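Dear colleague,

Please find below the structure that I am handing over to you. A summary of the findings follows it.

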Amino acid sequence: MAEPLLEVRGLRKRFGGLVATDGVDLDVAEGETLAVIGPNGAGKTTLIGQLSGDLKPDAGTIEFAGADVTALPASARSHRGLARSFQITSIFREFSTLDNVALAVQAHAGHSFRFWRPARAEAALREPARAILEQVGLGARGDVPAGTLAHGEQRQLEIAMALATRPRLLLLDEPVAGMGLDESARMVQLLRTLRGRHTIVLVEHDMDVVWALADRISVMVYGRVIATGSPEAIRANPEVRRAYLGEEIPA
Amino acid sequence: MLNGLQLGVMLFLVAAGLTLVFGIMNLINLAHGSLYMVGAYFAVAFLGWTGSFAAAVVLALLATLVVGMLVEMIALRTLYERDHLDQVLATFGLILFFNELVAIVWGRAALFATIPPALGGFVELLPGLRYPVYRALIILVGLAVALLLYVVVSRTRLGMLIRAGASNRTMVAALGVNIRLLYTVVFGFGAALAGLGGLMAGPIYTVQPGMGEELLIEVLVVIVIGGIGSIRGALVGAIVVGMVDTLGRTFLKPMLATVVSPAAADTAGPALASMLIYILMAAVLYFRPQGLFPAARS
Amino acid sequence: MTSRRRALTLVAVLAALAAVPLAAAAVDEPFYLDLFGRIMIFAIAAVSLDIILGYGGMVSLGHAAYVGIGAYAVAIPALHGVHSAWLQWPLAMALAGLAALVIGAVSLRTSGVYFIMITLAFAQMLYYVGISIEPWGGDDGMRLAQRSQLGGPLDLGDPHVFYYVVLVILAVLLLAGERVIHARFGTVIRAVKSNEARLQAIGVASFRYKLAAFVLAGAVGGLAGALLANQTEYLTPSFMHWTRSGDIMVMVILGGMGTLGGPVLGAAAYLLLENVLSAWTVHWQVILGPLLVLVVLYARGGLWSLLPGGGRRDG
């Protein structure tokens, strides 16, 4: 592969006696969608946390767009082009849906040491926010307090906020978590439109979503990546079958 | 220097209860200092009634224990679920209440408790080094309590429940343990400890409304330094703070006087000495924000 | 509460305050001028605390320290013959802000319980420093040589002039506060309270904004202190005692935190209650204590939420 957009080498993280990340290497090419799958407890969310900057690895390096970002905090990584959505919905519940996205836009539109002009009056923040809400399908829900949105809509808002930061790489942690069939299908549609335009690292349990979106798949078990390859190769991989012990990998 | 140890031990008694309550029940209790004060007042009252120091001690301890448990049952139960801000405000209200209550019953003037004759006098620890018996006793009692706590927490079933409750409350409840009773007992125990500190402190420091708050600040510093939820941390923190504070007050002014003019040392000395423990706290926090011996929590 | 309603309510409150001197003159009780002046000064302090507590979620138990610093920043220059308010008051704000900068820089690295305890401890430290410094009165405090001079016809020695000056400052503060809350800065601060992790994930380095808010709150607290020193003409280190911080916090909560008008109502309620209760009994705090506990447990929105249309917070 040409110079990968994201290069992870030897990442390690332990919590007390538990080794959550046990020497992980990953390469993600620009424009591709990499799905990370694995049984519960494999360390997928911990991996995302270290990539986004919310967790500090004990060892290893993370290179993004050619620069070492291992020591950078989450807010700095956001400005480099890394965006994250959370597995457990994490939004500003008291703010309106539009305000949530507008704040994400604001975070990348200069500093916020402005004390006089109402932020709501800044068209440069509102217009892009409205556009993104349309894009994810929440165009009609802008004025609703985010905390009163339905679960599926909140997951959409998660994506919207990530998009508002104009990222090069999206780290999506179980985007369809807790969603019903219809909502999941809509989310997959949305994510399909993002493929190619953004590089995506996707952690998911829902295999339908994975087959529909992934260019490549990495399988994690007990903090290690045991296999990486195309969806077909992963489906056929005996080690992967063993790791899912008894679980049917839907064909 | 022994005075530093004595202060440290006193701080430990109060700190242990507070840190236990915080570690297990996740409750900030600003009114803990009030329990210390209540212990001191009870001791003076019972001494007046019975004339016997021993009886006064036992009765005061019991009374403080009861008061503690009552407060827990009446006022604090609902606070476990609330956020820390609510706890701070509510227990602040309790402080106002208790301070005024003792003023109503005993008046605002400071009461003087006397050291019982049997414990007066000095003991010769080393040739030429005499130390008041009473203060030496405080140190011994404090260390004995620390040992007792250690044994209870690490060797007994109750201690195991306490440690389990500290790290995973829901699990313990799921195992069928009566959490409410456990909390009440732990709180009462903490209250008794604070009361013990108070009743021993009575003869040395003055007994007056608001005495708890002065100590409370130092206790908070102790807990922050030692690590919230950790008894070991409370002991180490308390002794360190007690030493630093006492030594600082004694030696800082003369030390300063060697480098700056006596007049400046006179002004700056006491001011700096009072700042010492806070600077220490800031330093500890800078390097180890969790304190020296943070209790592991889930 | 819609912003229109909020604005109208605030105007009503300010108008009521403006009418007090007239009412006081009508019943020939100049005491009320004093009382309401005091209320407004504490309202200024409470509003400044609300910025970080109510909007930013930072539970600072050491706010009285900044009030105390502001008071001393007026009294000490006065001791040396400097009486101009134009020098003293900015100095009060600058020194209080500086203290907030130092204390905030250390404290804001922690959160939750640690933060509460540390702000408390640092403020108390300043109190102890205050009582140890003899040239400035030590434990007994010091008198204010004379009230600050504004120059021209504005003689702060005249109770009416003083009252209206404080009122104007309060009004300006409320107006500025409204703008700040809705500007970019206020939005970030409110987001800190709502979900700081998310805020950082979208790219806001929240620490610098929290610190800035902390400093601003401290500076305004210092201004309140300067005004307080002028009002009482006497000050002691007890201005900085942590129980004073508790009082200010009570005013914020009682009135309704996270609103600008709430702290004003809270200051009024607290001081009026103190006034009424202490007429009954010198032991009024024995009633205030449990009352406070009850309010915290059962009436979280404070007085502001009891007003028509109240309940929904700013945002």
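In what follows, helices are DSSP runs of at least four residues, numbered from the N terminus. On that basis, A31(B) sits in the loop between α1 and α2 (32-50) of chain B. Please note that this is a predicted model, and that every value below is computed from it.

A31 of chain B

Is A31(B) buried or exposed? The threshold for a buried residue is 20 or more other C-beta atoms within 10 Å of its own; A31(B) has 30 C-beta neighbours inside 10 Å and therefore counts as buried. Leaving aside neighbours within four places in sequence, the contacts of A31(B) are T91(B), L94(B), I95(B) and F98(B). Between A31(B) and G51(B) there are 20 residues in sequence and 29 Å in space, taken from C-alpha to C-alpha.

The domains of chain A

Chain A is divided into two parts: domain 1 comprises 1-81 + 167-251, and domain 2 comprises 91-166. Their centres, taken over C-alpha atoms, are separated by 26 Å. Where the two meet, 11 residues of domain 1 of chain A contact 10 residues of domain 2 of chain A. On the domain 1 side, the elements that give two or more residues are α2 (74-80) and α6 (181-194) of chain A, and α6(A) gives the most, with 4 residues. By class, that side has 6 nonpolar, 3 polar and 2 charged residues.

The nonpolar core

The largest nonpolar core has 278 residues. Those with the most contacts inside it are V101(A), A160(A), A15(B), A43(B), V221(B), I44(C) and A121(C). Helix α1 (residues 2-25) of chain B provides the largest share of this core, 16 residues. Domain 1 and domain 2 of chain A both give residues to this core, so it lies between them. As for V101(A), the residues it touches, not counting those up to four places away in sequence, are A129(A), I132(A), L133(A), A160(A), M161(A) and A164(A).

The interface of chains C and A

Here 22 residues of chain C are in contact with 29 residues of chain A. Which elements give two or more residues to the chain C side? They are α6 (159-182), α7 (184-201) and α8 (206-232) of chain C. Of these, α7(C) gives the most, with 11 residues. The side of chain C that touches chain A has 12 nonpolar, 7 polar and 3 charged residues.

With kind regards

Methods: Residues numbered from 1 in each chain as written. Chains lettered and ligands numbered in written order. Predicted model: local features only at pLDDT ≥ 70, side-chain atom pairs only at ≥ 80, totals over all residues. Domains from an automatic or database assignment. Contact = placed C-beta atoms within 7 Å. Nonpolar A, V, L, I, M, F, W, Y, C, P; charged D, E, K, R; others polar. Core = buried A, V, L, I, M, F, W, Y, C linked by C-beta atoms within 7 Å. Buried ≥ 20, exposed ≤ 12 C-beta atoms within 10 Å, placed from the backbone.
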